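Biologist: Let us go through the labels one by one. I will ask what stands behind each.

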Amino acid sequence: MIEELLPDEVVAVEVHGDDGSEPAPLYPEEAEVVAQAVHKRRREFALVRACARRAMEKLGVPAQPLLPGERGAPGWPPGLAGSMTHCDGYCAAALVRATDLASVGIDAEPHRPLPDGVLDAVALPAEAARLRRLAVRHPEVHWDRLLFSAKESVYKAWFPLTGLWLEFAEADIEVFADPDERLHGGFRAQLLVPGPLVGGRRLGPGRRCSGVLLGGRRLGCFEGRWTVRRGLVATAIAVPHSRCPGRRCSGVLLGGRRLGCFEGRWTVRRGLVATAIAVPHTR
């Protein structure tokens with residue numbers, strides 16, 4: 001389910017609660033993290049890490065402990081980027097080589113309405129208005145839960161790039177259904193705070209900081225995909241190192257990939273201003 005929402009470079013492994021899977025044993029340092037947790041929490045913690053280690057194996061990375069870091073974000077081995085999610089009856093992990101993508105964010109939620117008051121706490125007025133219009137056209141989708149899941153995926157993609165908290169109100173998410181599809185679609189998250197820098201060259205990592213990023217571009221938005229299946233709503237974001245997604249449209253289809261933006265150069269000389277754009281066939 002999750003892998004269908006992500007590029008081919010991403011390896012996703014998932015477990016549905018009804019398939020009888022038992023969690024693999026935890027490393028001692030992982031077990032210590034959940035030693036005081038209830039059984040349900042310990043099981044989910046173990047299952048999602050088993051998914052992650054299977055994904056690591058597919059990428060040729062040896063199994064190793066995956067400990068929660070700052071704000072609970074998983075600590076991935078060097079050279080990998082990824083995301084994990086779990087809810088009642090479902091766990092998934094998505095990993096990719098850091099040379100292929102800058103970041104990944106995934107989330108899964110039960111496909112049912114949010115509890116009373118939650119939507120008001122997480123949605124901007126414009127988002128709530130758009131959800132009301134979607135609910136009229138496609139009442140079979142719980143759009144409030146989908147928006148919540150999309151915001152979770154946005155945060156999971158954002159945090160590894162910035163190390164900063166992102167409030168619900170700091171991303172304006174527009175959700176849309178695919179043409180002739182009621183249970184699949186995409187979304188665009190416009191960042192309302194300065195976005196992360198990606199695609200540059202990082203210099204000078206040290207013990208207390210990740211270094212300086214040179215030649216990067218600042219992201220203004222994330223783009224993602226969603227689906228509703230088997231009683232769940234799932235969302236996913238893959239952040240590329242280069243090219244920026246479009247803000248108002250889904251882009252131009254070129255050679256099998258959809259362009260969200262064009263990049264160009266300008267100059268002023270001899271009383272003239274000149275601009276130019278070159279559109280490559282590949283990323």
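Modeller: Start with strands: they are DSSP runs of E, at least two residues long, while helices are H or I runs of at least four, both numbered from the N terminus. Two strands pair if DSSP finds at least two bridges between them. This is a predicted model, where local features need pLDDT of at least 70, side-chain atom pairs count only at pLDDT 80 or more, and totals for chains, interfaces and linings use all residues. Residues are numbered from 1 along each chain as its sequence is written, and side-chain values use heavy atoms, without hydrogens and water.

Biologist: What makes β11 and β12 a pair?

Modeller: Six bridges join β11 (residues 221–229) to β12 (residues 232–239), and the definition asks for at least two. The two strands run antiparallel. In β12, A234 is the bridge partner of T227.

Biologist: Why is F148 called buried?

Modeller: Buried means under 20% relative accessible area, exposed over 50%, partly exposed in between (1.4 Å probe, protein chains only). F148 has 17%, so it counts as buried. F168 has 30%, so it is partly exposed.

Biologist: What makes the aromatic pair of F148 and F168 tilted?

Modeller: Rings of Phe, Tyr and Trp (its six-membered ring) pair if their centres lie within 6.5 Å; planes under 30 degrees apart are stacked, over 60 edge-to-face, the rest tilted. F148 and F168 are 6.0 Å centre to centre, with 35 degrees between the planes. That pair is therefore tilted.

Biologist: Why is α5 said to be largely enclosed?

Modeller: Of its 20 residues, 15 are buried, so the rest of the structure largely encloses α5.
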